[in-house]
Amino acid sequence: MEIKPAKRLRGEITVPGDKSISHRCVMFGALAEGTTEITHFLEGADCLSTIGCFREMGIEIEHTPNQIRVHGRGIRGLRAPQNVLDVGNSGTTTRLISGILSGQSFPSVLSGDASLNTRPMKRIMEPLSLMGADIESLKKNDCAPLCINSHLQSGASPVLTGIHYHSKVASAQVKSSVLLAGLYADGMTQVTEPALSRNHTELMLKGFGADISSLVHDDGTATASILPCTRLSAQKIRVPGDISSAAYFIAAALLVPDSELLIQNVGINPTRAGILSICRDMGADITYLNRDDRNGEPTADLLVRTSSLCGATVEGSAIPTLIDEIPMIAVMAAFAKGTTIIKDASELKVKETDRIFTTTEGLKAMGADVTPTDDGMIIHGGRPIHGGCIDSHLDHRIAMAFSVAALAAEGNTTILNSQCVDISYPGFFETMQKLQEKA
Ligand code: S3P
């Protein structure tokens with residue numbers, strides 16, 4: 001994809017549904033009794049992988065242009081898959097579904113694409129094994145393909161034990177995996193994490209009727225607790241716009257001169273909205289309009305105007321609230337005055353790509369002054385940023401962050417393998433084009 005600098009951006013957009021919430025609606029809907037109706041579902045490849053896995057386990061899922069209808073079969077209603085569960089590029093599908101599969105009375109194997117099959121799974125294999133699950137990395141490398149419950153006597157249900165797990169990483173995927181296995185355990189299951197990660201599982205499972213609670217302690221650590229459950233009930237869910245997708249157009253409007261964009265119905269759950277706080281620290285002009293709240297998930301329309309940005313420090317407990325937005329924040333920092341320090345973010349190394357490497361590599365190709373560190377990067381902003389050739393390495397967030405950089409750079413930019421944006425934002429380039437035509 002070839003991208004030219006933009007003169008200005010104007011218009012109103014709605015970004016696709018939240019990826020994390022879309023996955024969870026399908027998973028919890030499958031385990032509930034009744035039909036869960038979902039609107040503004042994200043039709044990205046990752047969420048389609050989740051749908052594919054549950055169809056393979058006997059769940060009927062109707063997919064119309066405006067709605068997804070998941071015909072749940074109850075907490076014990078999944079059927080043994082006849083094929084390997086294909087999790088594609090999706091870490092969320094892999095880790096959350098592993099928690100659910102640990103409680104099933106049938107064996108299963110799940111596997112993904114080349115990138116997914118190199119991502120660390122020990123982080124879920126360890127707690128799920130402590131609960132009594134039988135979970136094995138088929139290549140003995142702590143990565144997928146994973147085989148779950150292969151040693152079960154046919155028809156027997158695994159006996160999972162409730163545990164209190166202290167996770168080393170603040171990861172919603174680890175937390176959710178353990179909590180979902182906890183639905184099938186013999187007592188309370190608790191997960192304590194070093195800082196609060198996104199809490200969509202806790203909020204949504206409560207809405208489906210699970211006995212789940214959470215607490216942030218004085219030292220910033222957080223504990224979620226769940227009791228075993230025999231029944232979840234179907235829900236109607238309107239998925240908020242994904243703040244991780246909105247982030248690209250927030251940044252584009254801030255960086256491209258003379259721009260004004262209204263981004264409607266964006267999820268601003270505080271465990272996800274760290275980018276908005278950083279934008280404020282960097283001097284961004286963002287106004288919140290039409291605040292609303294559905295099932296505990298707050299939303300707002302965001303009015304964003306071109307701003308002259310300054311550097312900021314991004315660290316500590318803020319990191320889990322903006323982990324997926326760091327490539328975009330790093331690009332903004334390259335255009336900002338002063339220094340931006342990003343630290344405590346070594347989790348970036350185990351995303352779809354090593355994003356410390358792919359982000360700093362891309363920034364250097366465009367002329368930025370950036371130094372990778374072991375847990376983040378340091379960016380001295382204000383150097384002229386020019387077009388270049390950016391390898392997305394098939395990472396959707398790298399492709400989108402550098403497409404935005406291209407809009408504000410001098411000269412043209414080529415993004416290699418740009419179609420990977422379909423993982424989380426089908427229509428991204430069309431929306432980018434539309435905002436320039438209207439300007
Ligand atoms: C996600 C959690 C995050 C995030 C990922 C989606 C989720 O991962 O990076 O894109 O839906 O739970 P970790 O919780 O492992 O950091």
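**View 1. Glu 193 is buried, at a relative accessible area of 2%.** Buried means under 20% relative accessible area, with a 1.4 Å probe and protein chains only. The model is predicted: local features need pLDDT of at least 70, side-chain atom pairs count only at pLDDT 80 or more, and totals for chains, interfaces and linings use all residues. Residues are numbered from 1 along each chain as its sequence is written, and side-chain values use heavy atoms, without hydrogens and water. Glu 193 belongs to strand β11, residues 189–193 (strands are DSSP E runs of at least two residues, helices H or I runs of at least four, numbered from the N terminus).

**View 2. The side chain of Glu 193 has two polar partners to show here.** One is the side chain of Ser 197, in a polar contact at 2.8 Å. A polar contact is a pair of N or O atoms within 3.5 Å; within protein, one must be able to donate a hydrogen and the other to accept it, and residues adjacent in sequence count only if both atoms are side-chain atoms. The Glu 193 side chain also reaches the backbone nitrogen of Ser 171 at 3.5 Å.

**View 3. Ala 172, Gln 173 and Asp 324 are among the residues around the ligand.** A polar backbone atom of Ala 172 is 2.6 Å from a ligand oxygen. For a polar backbone atom of Gln 173, the distance to a ligand oxygen is 3.1 Å. Asp 324 places a polar side-chain atom 2.7 Å from a ligand oxygen.

**View 4. Helix α1 gives the largest share of the ligand shell, three residues.**

Methods: A residue is near a molecule or strand if one of its heavy atoms lies within 4 Å of it. Buried means under 20% relative accessible area, exposed over 50%, partly exposed in between (1.4 Å probe, protein chains only).
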